[in-house]
Amino acid sequence: MAMFFKGDKVEVCSKEEGFLGSYYQAKILSPLNNNTLYRVQYKNLVEEEDQTRPLVEVVSADEVRPVPPPVTFTKATQVFHYLDSVDAFDNDGWWVGKITGRQGSKYWVYFGTTRDEIAYPVSRLRHHLEWRDGHWITSNNTF
C-alpha cells in the first residue's frame, strides 16, 4: 500500500452504493492513524451545506491511490477498442466502464454498476489503470 503525505494529489475510490467504480480527484490534508486513514479535500466535490466549500472527509487508506500518469493525446492514445476498460469523466469523477461501440467521434461506454450506456468524446475518456503493488497495471501492460 502506498504512503501519502500532506499536499499529495490522489484519487479516492468511492465504496458508497451508487458511486462504486468511481474515482474522485483530491489532495491529502493529513495522514491519520499511522497512515491507515487520510483526511482529504476533493477537487470537484463540495460540501452539501455550503456549495462554495470543497468537500473534506476522512477515508481509509485502501480507498486512496496516486493520480494516474498523464496521457499525452496522440492518434494512438485516442483509439479505444471493443470491451477496452476505460474511465469516463462524468458527474465530477472518473467512472469505470467498457467500450461497447463507436459513433462518429464518440465512444459508447457501458457501466456495469449502473447498467447505463453513454456516449463520450475522447477528451472525457482514459484507459483504465489499477494501482497494484506500487505499479500501474492495465490488462496488457505495467506502467
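This note goes through a predicted model, point by point.

1. Annotation. The UniProt record, an unreviewed entry, carries the annotation "domain: Agenet" over residues 2–72 and 78–133. For the span 78–133, the C-alpha atoms at the two ends are 28 Å apart. That span is 62% strand and 0% helix.

2. The nonpolar core. The largest nonpolar core is made up of 24 residues. Tyr38, Val40, Tyr42 and Leu125 have the most contacts inside this core. Two or more residues each come from E1, strand E2 (22–32), strand E3 (37–46), strand E6 (85–90), strand E7 (93–103) and E8. E3 gives the largest share, 4 residues. Because domain 1 (8–66) and domain 2 (84–138) both contribute residues, the core lies between them. As general background, nonpolar side chains in soluble globular proteins tend to be buried together.

3. Tyr38 and its surroundings. Tyr38 is one of the core residues with the most contacts inside the core. Leaving out residues up to four places away in sequence, Tyr38 touches Ala2, Met3, Phe4, Ile28, Ser30, Pro31, Leu32, Glu57, Val58, Val59, Ala61 and Val64. One of these, Phe4, also forms a ring pair with Tyr38, taken up in the next point.

4. Aromatic pairs. Over the whole structure, a search finds 7 aromatic pairs. One of them joins Phe4 and Tyr38: the ring centres are 5.7 Å apart and the planes meet at 75 degrees, so the pair is edge-to-face, the angle being over 60 degrees. Phe4 is in the segment before E1 and Tyr38 is in strand E3, so that the pair links distant parts of the chain, 34 residues apart. Both Phe4 and Tyr38 are buried. Phe89 and Trp94 form another edge-to-face pair, because their planes are at 65 degrees, with ring centres 5.2 Å apart. Here Phe89 is partly exposed, its relative accessible area being 25%, whereas Trp94 is buried at 12%.

5. Charges over rings. Trp94 also has a charged group over its ring: the charged end of Arg126 sits 4.1 Å from the ring centre. Elsewhere, Arg65 lies over the face of Tyr23, at 3.8 Å from the centre of that ring.

6. Gly7. Which segment holds Gly7? Gly7 is placed in the segment before strand E1 (9–13). Gly7 has a relative accessible area of 43% and is therefore partly exposed. Apart from neighbours within four places in sequence, the contacts of Gly7 are with Lys27 and Ile28. Ile28 is also among the residues that Tyr38 touches. Between Gly7 and Val40 there are 9.3 Å from C-alpha to C-alpha, with the two residues 33 apart in sequence. Val40 is one of the core residues with the most contacts inside the core.

7. Tyr110. This residue belongs to strand E8 (residues 106–111), an element that gives two or more residues to the core. Is Tyr110 itself buried or partly exposed? Its relative accessibility is 31%, so Tyr110 counts as partly exposed. Not counting residues up to four places away in sequence, Tyr110 touches Gly97, Lys98, Thr100, Arg115, Asp116 and Glu117. Thr100 is 10 residues away from Tyr110 along the chain, and the C-alpha atoms of the two are separated by 6.4 Å.

Technical notes. Residues are numbered from 1 along each chain as its sequence is written. This is a predicted model: local features need pLDDT of at least 70, side-chain atom pairs count only at pLDDT 80 or more; totals for chains, interfaces and linings use all residues. Side-chain values use heavy atoms; hydrogens and water are left out. Buried means under 20% relative accessible area, exposed over 50%, partly exposed in between (1.4 Å probe, protein chains only). Contact means heavy atoms within 4.5 Å. UniProt positions are given in the numbering used here, feature names are shortened, and annotations may be inferred rather than shown by experiment. A nonpolar core is a set of buried Ala, Val, Leu, Ile, Met, Phe, Trp, Tyr and Cys residues joined through side-chain atoms within 4.5 Å. Domain bounds come from an automatic or database domain assignment. Rings of Phe, Tyr and Trp (its six-membered ring) pair if their centres lie within 6.5 Å; planes under 30 degrees apart count as stacked, over 60 as edge-to-face and the rest as tilted. A charge sits over a ring if NZ of Lys or CZ of Arg is within 6 Å of the ring centre and within 35 degrees of the ring normal.
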